[in-house]
Amino acid sequence: MPHVPRARLSGREPVLVTARLVGGLPSLRSGAAREVLWRQFRRYRRRGGFRLVEFSIQGNHLHLIVEARHRKECTRRLQGMFVAVARALNRLWWRRGRVFGDRFHDRVLVAPRQVRNAIAYVLHNAKKHGHRLGRVPIDSYSSGPWTCCWRQRVSVRGLDGVEPPIVEARTWLLRTGWRRHGLVDLTERPG
C-alpha cells in the first residue's frame with residue numbers, strides 16, 4: 001500500500017500526486033490496463049470532499065491532480081483508490097503482490113502559475129516520455145479528452161460517448177485561478 005502523503009492541506013487545495021509501480025510489471029499503457037484504471041478512477045473520482053480532476057497514465061507511473069477538504073481525507077481516499085487499482089491490475093495481469101512502491105510523491109499546489117504548470121505537465125506527460133500521439137496531439141491515456149483546459153477545441157475519436165473518469169474542480173485555483181496564465185496549448189512541451 002502506498003505511503004501516506006505528507007502534504008499539508010489547510011483547506012481544499014489541489015495536490016499533484018505521482019505513484020510509481022514496482023519493477024517488473026507490465027506497462028500501464030495498454031488498452032486493457034487503461035480500461036481498468038478508468039473504471040477505478042470513475043469509482044473514486046468523487047468521494048466526499050475528494051475529487052480526481054486530472055490524470056496521466058504512463059508505462060510505470062501515474063500522475064494525478066486531486067482536491068480534498070483536508071489531509072486526512074486526501075490520504076484515506078488515495079489509499080483506497082490505490083488499493084482498488086492494485087487489486088484490479090493484479091486480476092488483469094493474473095498475479096499477486098504489490099503493484100505500487102512504498103511511497104508516492106505529492107505536492108500541494110498553492111499558486112495559480114504552479115497549478116497551471118502542473119496541469120500542463122500532467123496533460124503533456126506522454127510527450128516527455130516519448131510516446132507518439134498521432135494526428136490529434138492529445139494523450140488518450142490522460143484526462144486530456146475530457147478536460148476543459150485546452151486552448152483549442154478538441155475531440156478524440158472513439159471517446160465522445162465514454163463517461164469521463166474525472167470531475168470538475170471546485171477549488172478556485174483549479175477552476176479559475178490558473179487561467180490567469182493562459183489555457184494549455186496542444187503544442188506545448190512539458191517542463
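E188 and R116 are both buried, a term that here means under 20% relative accessible area, with exposed standing for over 50% and partly exposed for what lies in between (1.4 Å probe, protein chains only). The model is predicted, so local features need pLDDT of at least 70 and side-chain atom pairs count only at pLDDT 80 or more, whereas totals for chains, interfaces and linings use all residues. Residues are numbered from 1 along each chain as its sequence is written, and side-chain values use heavy atoms, with hydrogens and water left out.

E188 and R116 are also partners in a salt bridge, with 2.7 Å between the closest N and O atoms. Because E188 sits in the segment after α5 (172-175) and R116 in helix α3 (residues 112-123), the pair ties together parts that are 72 residues apart in sequence. A salt bridge is a side-chain nitrogen of Lys or Arg within 4 Å of a carboxyl oxygen of Asp or Glu, and helices are DSSP runs (H or I, at least four residues) numbered from the N terminus. The structure holds 8 salt bridges.

Another salt bridge brings together the side chains of R151 and D185, at 3.1 Å from N to O. This pair links distant parts of the chain, 34 residues apart: R151 belongs to the loop between α4 (125-128) and α5, and D185 to the segment after α5. R151 is partly exposed, at 48% relative accessibility, while D185 is buried, at 13%.

E168 and R175 form a salt bridge as well, their closest N and O atoms lying 3.4 Å apart. Here E168 is exposed, with a relative accessible area of 56%, and R175 is partly exposed at 41% relative accessibility.

Notes:
Helices (H or I, at least four residues) and strands (E, at least two) are DSSP runs, numbered from the N terminus.
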